[in-house]
Amino acid sequence: MSLTTVLILLPLVGAALTLLVPAGNRDGARSIGVLIALVAFGFNIAAFAKFDQSRGALQLGDRASWISDLAVEWNVGLDGISIWMTLLTTGLFLLAFIAIAARMPDSHPRALIALLLLAECGLLGVFAAGDLVLFYIFWEAMLVPFALLIWMWGDRTRGRAAASFVIYTMVGSLLMLVAILSAAFMAKGPNGTLTFAIADLANHEWTQSQSTWLFAAFALAFLIKLPMFPFHGWMAGAYSSAPLVVTALLSAVMSKAGAFGLLHIAVPLFPVGAEQLALPVGSLAVCSIIYGSLMAWRAQTMRMLVAYSSLAHLGFIVLGIMSFTSIGAEGAVLQMFNHGVVTAAAFAIVGIIARAKHGTEEMDQISGLAKGAPWLAGIFLVVTMAALAIPGSNAFAGEFFILIGTFERHPVLAVLACFGTAYAAVYMLRLYQTTMNGPLDGEPKKAELRGLDVLYLAPLVAAMVVVGLWPAAVTRTTKASVECATTAAGSLGLVTAEGQPPRTAPITTELLGCR
Amino acid sequence: MIGTLGWIVLGLPLLGALVLMAFGAKEPPKRVTQLVGCGSIGLAFLATVVAFFSMLSEHAEERTHVSRLWEWIDIGQGLKVDLAIRIDQLSIMMMLVITGVGFLIHLYSTEYMAHEDGYRRFFAEMNFFVFSMLLLVEAANFVFLIVGWALVGLASYLLIGFYYDRPVAVAAAKKAFVINVLGDIGMVIACFLLVRELGTLDYDQVFALAPQFIPAGGGVALSIALLLFVGAMAKSAQAPLHTWLPDAMEGPTPVSALIHAATMVTAGVYLVVRTHVLFELSPLAMNIVAGVGAFTLLMAATIAIAQVDIKRVLAWSTVSQIGYMIMATGLGAYASGMFHFLTHAFFKALLFLTAGIIIHALHGEQSLDKMGALRKPLRFAYFAFATGCLAIAGVPGFSGFFSKDEIISMAAAQGTYGWVLFGVSTLGAFLTAFYMFRLLLRVFHGTEPEGGYHGEFHMSGAAMTVPVAILTVLSIIGGWIQVPFGWKKVTDWLEPVVGGIPQKVNADGTLTAVGHVAAEPSHNLEVITISASLAVALLGILLAWYIFANGPERRLRISARHPHLRSFLEDAWRFDEVYDETVVLAGRASGDGLRDHVEPKVVIGAGRGVQELFSDMARFMHQIQSGLVRTYAVALMAGLAAVAVIFILVSR
């Protein structure tokens with residue numbers, strides 16, 4: 001068994017283990033959660049240490065026949081993009097388990113831990129799958145625990161929120177299932193062999209209309225999951241209803257599954273279709289940026305401000321992917337990591353601030369906490385600056401590369417997106433200033449950072465600082481894989497956009513070891 | 001060695017800031033704060049001086065030192081950015097001012113801020129500012145220029161909002177930050193263009209490649225220059241992005257002196273000088289730069305006349321003086337712009353710090369209406385302030401005379417457009433002398449205010465007076481390094497950086513000059529311009545004396561005669577009102593519209609529609625359900641197959 005297989009199955013085993021714990025035993029459940037998450041993170045670090053960053057293909061994985069009648073394989077492995085996504089997943093889940101362990105809810109502690117572990121398993125599977133059916137299975141496997149997490153531990157609107165979450169994502173994923181089956185059968189032809197392996201399907205030459213339709217189906221599923229304007233109808237309900245830890249995971253980790261699918265599956269498998277739809281999808285991304293920013297500016301609760309700012313930030317990520325330039329897509333991967341880290345910290349701070357007044361998240365209820373809670377104010381300032389992507393922050397590096405890449409292909413979209421960064425300053429400072437500055441309202445003593453908060457925030461802030469100073473730490477790992485993912489679509493665009501071959505010879509995907 | 005010193009100069013203030021921040025909620029003893037806060041800047045100044053002298057001993061052409069720490073990013077396609085600094089004649093000049101004047105202002109603050117809460121926080125943020133400003137001028141590529149550019153904005157935000165329990169200060173801080181983000185966006189887009197055209201963001205490469213690959217006078221050259229200039233306008237408070245600077249006076253006075261007068265707000269001048277190759281590729285952009293500078297200097301000077309808050313007068317005066325510098329750079333007179341930056345740093349820091357002594361003495365009073373006849377009780381402040389006024393008004397012998405006069409002379413030498421700018425800047429010089437002496441006379445001469453002062457005067461100690469005394473001396477002698485008809489130390493020093501014309505290498509190996517060198521004024525022309533500016537300066541002083549020297553009667557009579565003009569100037573030409581009623585209002589309204597209508601009704605409503613469709617289907621299914629799992633499975637498979645077939649047919 002390879003490292004990747006172990007990594008994926010570990011949370012599943014952990015979820016099974018929780019069944020051995022007697023119901024209502026909070027200590028047992030919480031120690032399993034933290035322990036499994038810790039071991040998974042350790043395995044992930046080990047995988048990172050063994051990772052060969054010069055290769056673009058999946059590595060450290062297994063490929064074995066699984067359901068041979070249906071040609072489905074157990075085909076898992078990590079590439080430069082997924083290694084960072086799994087690190088984000090195992091890291092943030094570990095922090096989430098620690099945060100939950102400190103404040104276990106009274107209802108169904110065992111189920112809570114089991115569902116979170118299942119969600120982690122699903123996400124890791126999505127990031128490591130090398131086979132479309134396997135990808136689909138994990139994709140659905142992650143939906144169920146998240147929906148249940150909202151439904152069982154959400155606030156009073158949880159029923160409606162969970163239902164709308166399920167229906168939205170089901171519409172997308174059923175469409176994706178159809179597209180997966182269609183793609184495999186179209187690629188097989190009359191007498192070929194059936195395969196769902198992503199690497200094999202990428203070699204198939206689709207007609208332009210096949211490619212476009214298939215891309216559209218995949219992209220829709222991914223854009224709903226992210227979410228992206230105008231498919232974000234489930235977001236407000238789910239994010240506001242779920243417990244804050246779950247909201248943070250939805251936004252920081254689960255959204256990456258959508259972005260990852262776009263970059264890792266939709267664009268490399270269907271480059272022609274991606275090129276056809278680059279402008280519409282890119283325009284939606286810019287709409288998301290502007291729409292999310294305006295909504296964040298006028299949001300009434302801290303949580304929804306962060307939620308809508310997340311909508312805007314995800315717009316940047318999609319924009320970078322749809323630029324099909326290596327710099328834009330590398331910026332997107334960097335930003336996927338950054339967004340996870342920053343959003344997780346931002347939601348955590350919302351929870352911390354809410355302590356100042358009996359858990360209220362209304363923005364006009366709390367102000368002036370800086371006076372009694374200087375550490376909170378200081379750390380929150382760092383997170384605010386990262387969230388508004390001030391030059392020098394990790395998010396700046398990501399957005400800067402994304403926009404350089406976008407500017408090469410769609411200058412107008414890049415310039416419009418730039419104004420999103422101005423909005424970001426407006427809404428993030430609104431959040432910071434209304435809560436931290438002005439006359440005191442609330443109890444800063446209760447909001448000041450404590451040991452557990454520091455344990456949660458310190459690794460996130462450290463990651464922000466390191467990536468801000470040295471973004472190459474991430475991009476040098478992702479480079480080969482990103483080029484594998486975007487070269488096909490990127491070289492197409494250069495030819496059609498300028499009517500002449502690209503200035504630099506396209507690096508052939510074989511050369512990069514993509515297969 | 002100079003490269004290493006550059007990193008040390010950069011590192012010391014950062015270290016100081018981090019050490020002070022690390023105290024968190026615990027307020028360390030004042031001594032510790034002072035030692036760390038001032039010590040780090042003092043040592044940085046010493047290191048800069050050492051670097052400066054070792055640079056002096058080098059050959060003029062070999063004074064550029066690039067030092068890199070690590071590779072920040074390498075994206076293939078040739079785009080590679082290092083964390084690197086570049087010390088040359090231009091950056092060392094800026095560094096000397098930043099650390100030197102910075103140290104004096106830090107020293108001054110040890111006493112000025114002694115009675116305030118947040119003593120440690122103040123020095124931490126000031127140190128952070130100095131670090132950011134040094135990064136801005138030491139950066140070796142556009143990325144770290146922008147990083148420094150944004151971090152000084154952050155430092156400025158923090159210090160404007162230093163009294164963060166005052167809503168006015170908080171609002172002013174946000175305004176400054178947001179307007180500066182707009183400037184950042186301009187610079188970032190300029191970088192996109194540079195990457196697209198040249199594939200690099202490194203200074204040396206950009207300046208070498210730009211004349212070869214960017215057509216001179218073309219749209220790309222114009223766009224790059226103007227986008228960079230948007231950044232300069234925001235940071236240097238040039239119209240129409242100037243409205244944040246007067247509000248920034250909500251910060252403590254030493255902040256106004258260091259950040260919003262002597263150093264940060266002149267970053268725009270530095271930017272244009274640093275990237276002058278890009279500006280010279282577009283003569284139109286140069287003319288726009290000069291025009292914006294000229295408009296700003298005149299507008300701000302008129303506004304300064306009508307302000308009653310001592311710090312706001314100085315703020316508008318800063319806007320106006322930076323207008324001179326920007327105009328100079330737009331004319332291609334880079335050394336003149338930098339010279340004025342140098343003298344302005346001295347006399348404007350002096351004026352602000354002296355204003356601080358006055359405000360301190362009057363227990364925080366800033367209104368001119370509550371001042372008057374202070375020359376006897378505040379004798380030291382009077383002499384210092386008068387020196388500053390003489391310098392900024394351009395009275396011969398004082399530093400401002402040499403630098404401002406040079407800009408005015410350079411303008412006159414640049415053809416027809418130059419003559420227009422000469423007219424504007426001469427008028428500006430008249431207004432400058434007038435509003436500065438209005439300020440001087442209303443504070444120190446005339447009669448005591450009605451109702452008297454707020455109790456006993458609070459006299460300043462040595463930590464405040466010594467820096468002011470040093471700046472007084474510098475405001476007098478600082479101009480003598482560059483003297484008309486005499487020596488040109490600043491111009492000679494900067495010659496290797498800003499002199500010469502960008503050359504384009506033609507296909508046959510010959511060189512074509514792109515851009516132009518600003519024409520030097522002739523001897524006679526210089527005599528004329530000096531006489532003119534001298535005359536208007538004296539006229540301004542005399543007029544101010546006539547109106548303001550004896551009590552308020554005369555000025556009240558005059559202002560009562562022009563109520564509309566007065567309120568127009570008091571309201572600073574009403575830029576703020578226009579922005580509030582257009583940009584801000586529109587943004588807020590559209591955001592509210594989305595929140596209250598589009599999101600609930602359209603986005604979520606559509607989802608709800610789909611949901612209801614599903615529940616209708618479910619009801620339908622309820623009727624046909626048989627309970628046989630087999631039937632369900634068949635139906636499910638059939639459904640999926642049907643969709644798949646349709647899909648394959650459609651996408652064929």
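The points that follow take up confidence, fold, packing and surface in turn.

1. The model is a predicted one. Chain A has an average pLDDT of 90, and 96% of its residues score at least 70.

2. The highest mean pLDDT, 96, belongs to helix 13 (residues 302-321) of chain A, and the lowest, 78, to helix 20 (residues 472-498) of chain A. Over residues 495-508 of chain A the pLDDT falls below 50, although this stretch makes 13 contacts in the model beyond near neighbours in sequence. Where pLDDT is low, predicted coordinates should not be read in detail.

3. In secondary structure, chain A consists of 20 helices and two strands.

4. As to overall dimensions, the C-alpha trace of chain A spans about 70 × 55 × 40 Å along its principal axes.

5. How much of chain A is buried? Of its 515 residues, 66% count as buried. Of the contacts in chain A between residues at least 6 apart in sequence, 81% join residues at least 24 apart.

6. The accessible surface of chain A amounts to about 16,200 Å², and carbon and sulfur atoms account for 66% of that surface.

Key: Residues numbered from 1 in each chain as written. Chains lettered and ligands numbered in written order. Predicted model: local features only at pLDDT ≥ 70, side-chain atom pairs only at ≥ 80, totals over all residues. Heavy atoms only, no water. Helix = DSSP H or I, 4+ residues; strand = E, 2+ residues; numbered from the N terminus. Buried < 20%, exposed > 50% of the residue type's maximum accessible area, 1.4 Å probe, protein only. Contact = heavy atoms within 4.5 Å. Areas by Shrake-Rupley, 256 points an atom, 1.4 Å probe, with all protein chains shown as cover. pLDDT = per-residue confidence, 0-100.
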